[in-house]
Protein chains: 2
Amino acid sequence: MRTTVDAVIHEIRDALGDAGVLTGPALAERTTSDWSEADAALPGALVLPRTPAEVAAALRILHTHHCAVVVQGGLTGLAGGANPRPGEVALSLTRLDRIEALDAIGGTAVVQAGVTLERLQSAAEETGWFFPLDLGARGSCQLGGNAATNAGGNRVLRFGMMRNLVLGLEVALPDGTLLTMLDRVIKNNAGFDLKHLFIGTEGTLGVVTRLSLQLVPRPLHQPTALCAVPDFASALALLRDSKSRLPGLTAFELMWSDFFEASCRAQRKASPFGQAHPLYVLIEGFAASEEVGNASIEHLLEHAFDRGLVTDAVVAQSGSQAGQLWAYREGVSELLSVCKPLAAFDVSVATTRMDELVTQLRACLTQAFPSQQHLFFGHLGDGNLHLISGNFAGHDDVVRAEEMVYAIVGEFQGSISAEHGIGTVKRPFLHHSRTPEELRLMQQLKGWLDPRNILNPGRVLPELDRA
Amino acid sequence: MRTTVDAVIHEIRDALGDAGVLTGPALAERTTSDWSEADAALPGALVLPRTPAEVAAALRILHTHHCAVVVQGGLTGLAGGANPRPGEVALSLTRLDRIEALDAIGGTAVVQAGVTLERLQSAAEETGWFFPLDLGARGSCQLGGNAATNAGGNRVLRFGMMRNLVLGLEVALPDGTLLTMLDRVIKNNAGFDLKHLFIGTEGTLGVVTRLSLQLVPRPLHQPTALCAVPDFASALALLRDSKSRLPGLTAFELMWSDFFEASCRAQRKASPFGQAHPLYVLIEGFAASEEVGNASIEHLLEHAFDRGLVTDAVVAQSGSQAGQLWAYREGVSELLSVCKPLAAFDVSVATTRMDELVTQLRACLTQAFPSQQHLFFGHLGDGNLHLISGNFAGHDDVVRAEEMVYAIVGEFQGSISAEHGIGTVKRPFLHHSRTPEELRLMQQLKGWLDPRNILNPGRVLPELDRA
């Protein structure tokens with residue numbers, strides 16, 4: 001039984017006030033779709049609660065009326081999960097934007113779900129702390145969405161995914177029950193750790209309303225180097241060495257030569273090296289001081305040169321030089337704009353098999369799409385490989401490339417989504433990374449926790465429709 | 001409907017062979033209870049599968065017959081969770097003892113659940129790697145149990161709990177479905193991350209049969225220092241400084257003076273300091289070399305002396321000196337043997353409130369039990385506080401002390417179990433750390449995943465009996 005969206009909107013407006021529900025022209029002015037290019041309908045209404053209790057109240061009404069709802073944070077997702085489908089109401093966490101507590105002695109923060117990543121990063125830095133999650137969308141993405149999608153980004157190697165930074169959560173269940181679990185402790189084995197049900201499940205099991213987060217002390221110095229590496233085995237040996245010799249290793253970014261060269265071209269930036277090399281690695285660490293940081297990285301490189309793991313290297317002598325070195329890796333945004341239509345992949349595989357995977361992907365893609373570029377780079381330390389393929393002749397070729405890549409990743413027992421999630425876009429490919437037994441248990445969990453299938457229906461998992 | 005245990009044993013023997021089921025005298029010779037002093041019955045039989053498929057087959061039979069089963073690993077738990085209750089069959093993972101793979105290039109291992117922690121530690125070290133989980137029971141505890149209980153221990157500050165080291169799991173569900181999720185990648189956002197349902201739920205939702213684990217490079221040097229600290233605020237400031245200045249900080253152990261002095265007495269060991277101090281902190285890090293490690297720790301201490309955070313310190317000049325310093329902290333085992341009957345607590349609280357909690361606990365315990373010792377120490381970096389109270393006049397006083405401590409921890413929004421788990425022993429106190437809504441969802445999950453309530457019934461959660 002689904003009642004009309006009008007009746008639902010009326011009840012939610014009664015509960016949240018006029019400012020809590022947008023429809024008509026006021027709604028049409030708002031952005032209600034994400035950064036992916038997936039299909040998005042205009043939602044029947046945009047619900048804008050101001051408090052966790054209002055989120056719960058809205059869900060209770062939606063649940064009573066069996067009305068489907070799509071949850072929206074900063075709308076920076078790349079998998080289409082936040083895009084409304086026809087007939088759905090959208091629920092945005094944007095007005096839950098308070099940093100409720102920032103413990104400058106213990107290094108923890110309690111924030112509402114709609115606070116942007118960048119706001120927390122800045123607030124932490126003002127008190128001498130540091131929130132280590134970082135990704136390109138930092139200015140718009142919201143912490144609730146970061147938890148719901150288990151965001152990754154630039155410093156996973158040292159600090160883990162968002163999951164590792166969440167001490168506690170508050171979550172509104174599909175029936176409007178508010179589950180307050182705002183632990184501020186790292187260790188808590190008092191019964192089941194329920195927050196893990198909601199982290200990374202892309203809003204299909206509950207809506208994150210507040211978070212308790214771990215901060216770390218602000219880094220004193222970040223030694224940074226760009227290295228030219230002769231082959232993949234050397235890159236793996238250098239990774240292991242870097243973990244030993246730079247205990248504060250935060251990034252180990254691998255770039256294949258064609259990516260590196262395309263990035264230079266797209267940015268009209270010269271390579272810092274006199275000649276081309278097969279692979280490039282960007283290393284970044286946290287250190288106690290500039291002196292210690294530079295000594296450690298020089299010591300690491302000296303050892304690597306002696307063993308032939310590195311054939312050339314540039315060590316940044318200042319923060320701005322470090323930024324220059326990062327630009328080779330960050331050049332991906334310029335690349336994206338010149339490769340459309342393109343397919344962008346975010347897969348992962350056991351680090352030792354990454355080179356073999358790249359070789360196979362490159363061979364298959366080059367055979368099928370000989371006149372396109374296929375550019376490989378990734379977070380080697382995390383086993384996370386990114387690949388940009390383009391420009392394609394049209395959307396059909398993009399789909400063909402996707403089918404080819406995900407099937408090969410599945411054969412390598414890799415993940416078809418290392419950090420971007422599944423949403424709607426990668427739903428058809430999920431079976432390449434998960435067994436039928438896993439998919440069945442995921443569907444059961446969804447059915448148990450959201451028996452009316454109102455919360456983000458049709459995302460992540462194969463369709464369930466018992467609403 | 002429960003059939004007799006005899007019929008079940010007969011069927012399991014048919015499936016697993018004679019060596020797969022012990023009863024009678026052969027059973028009586030085996031240890032079937034854990035390190036806690038909780039009640040333990042003799043199980044109806046001890047099932048000893050050799051493979052994950054045999055675990056699944058045994059569970060399928062138990063499930064068909066609605067027969068309760070208790071899962072046993074190394075039997076080193078402190079919460080009574082592995083102790084059989086009357087009428088239960090015990091299922092031990094001991095014969096699943098193969099290290100199936102150790103990737104010496106990428107630094108991952110795939111092991112069966114019955115491999116002991118120490119065996120993996122040794123196997124990793126032989127290939128230049130290091131498995132960072134470490135606890136006193138290392139020689140007996142099994143990795144499957146470490147995952148089921150989300151073990152903590154000595155290096156959580158740097159490497160996290162067992163949860164953070166598990167890349168993938170294989171789990172047999174209560175109905176005998178085998179869920180193989182042996183990912184070897186750090187990043188995998190392809191749908192729900194189901195392993196978190198089984199980590200830390202103490203075998204109530206499934207039986208871990210195999211694990212895929214993350215290794216880290218073997219430390220090159222471990223700088224270690226024991227510091228005398230004037231007050232708690234200084235200890236907190238020193239913790240923050242240590243995190244900044246020793247990026248490889250692995251331990252930050254706080255000891256209140258009465259614990260430190262009792263530990264010295266119990267071991268007949270002199271303090272390395274000329275006078276008594278209010279607090280002692282043991283600091284350990286990972287460093288690239290002895291030179292870098294010593295320079296970093298001396299730099300850290302110099303800065304701490306200047307700011308008055310530390311009033312005296314000893315830096316270990318060798319591995320054996322580091323062991324000597326660790327002995328002050330490890331003296332807890334000697335203390336436990338001279339304090340019986342005792343109550344040993346493992347709680348956690350936001351680090352900034354730890355001193356306030358200690359003050360209140362000390363005041364209440366001293367008032368109620370003036371002639372007992374109440375000794376405080378803990379992993380300050382993790383917010384994890386240990387407390388040993390004893391010798392009590394009898395068991396009733398132990399229970400009274402437990403009730404008092406857990407109620408106060410609850411008022412501080414702390415956890416009544418930071419790392420030891422709930423089992424049967426702490427089940428009556430779980431409500432101090434979890435809300436009714438959380439307890440209800442935990443019970444629902446148990447009911448959904450184990451509708452016949454055959455797996456570790458009566459552990460962790462308030463009783464559910466629909467078998």
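B:Lys269 lies over the face of B:Tyr328, 4.4 Å from the ring centre. In chain A, the charged end of A:Lys269 sits over the ring of A:Tyr328, 4.3 Å from its centre. A charge counts as over a ring if NZ of Lys or CZ of Arg is within 6 Å of the ring centre and within 35 degrees of the ring normal.

The model is predicted: local features need pLDDT of at least 70, side-chain atom pairs count only at pLDDT 80 or more, and totals for chains, interfaces and linings use all residues. Side-chain values use heavy atoms, without hydrogens and water.

A:Tyr328 also belongs to an aromatic cluster with A:Phe260, A:Phe273 and A:Tyr280. Over all chains, the whole structure holds 23 aromatic pairs. Rings of Phe, Tyr and Trp (its six-membered ring) pair if their centres lie within 6.5 Å; planes under 30 degrees apart are stacked, over 60 edge-to-face, the rest tilted.

| Pair | Centre to centre | Angle between planes | Class |
|---|---|---|---|
| B:Phe159 and B:Phe286 | 5.5 Å | 55 degrees | tilted |
| B:Phe369 and B:Phe392 | 5.0 Å | 80 degrees | edge-to-face |

B:Phe159 is in helix α6 (residues 156–159), and B:Phe286 is in the loop between β14 (279–285) and α10 (290–306). They are 127 residues apart. Helices (H or I, at least four residues) and strands (E, at least two) are DSSP runs, numbered from the N terminus. B:Phe159 is buried at 13% relative accessible area, and B:Phe286 is buried at 12%. Buried means under 20% (1.4 Å probe, protein chains only).

B:Phe369 and B:Phe392 are both buried. B:Phe369 lies in the loop between α13 (354–368) and β17 (373–379) of chain B, and B:Phe392 in the loop between β18 (384–390) and α14 (395–411), so the pair ties together parts 23 residues apart in sequence.

Note on methods:
Residues are numbered from 1 along each chain as its sequence is written. Chains are lettered from A and ligands numbered from 1 in the order in which they are written. Buried means under 20% relative accessible area, exposed over 50%, partly exposed in between (1.4 Å probe, protein chains only).
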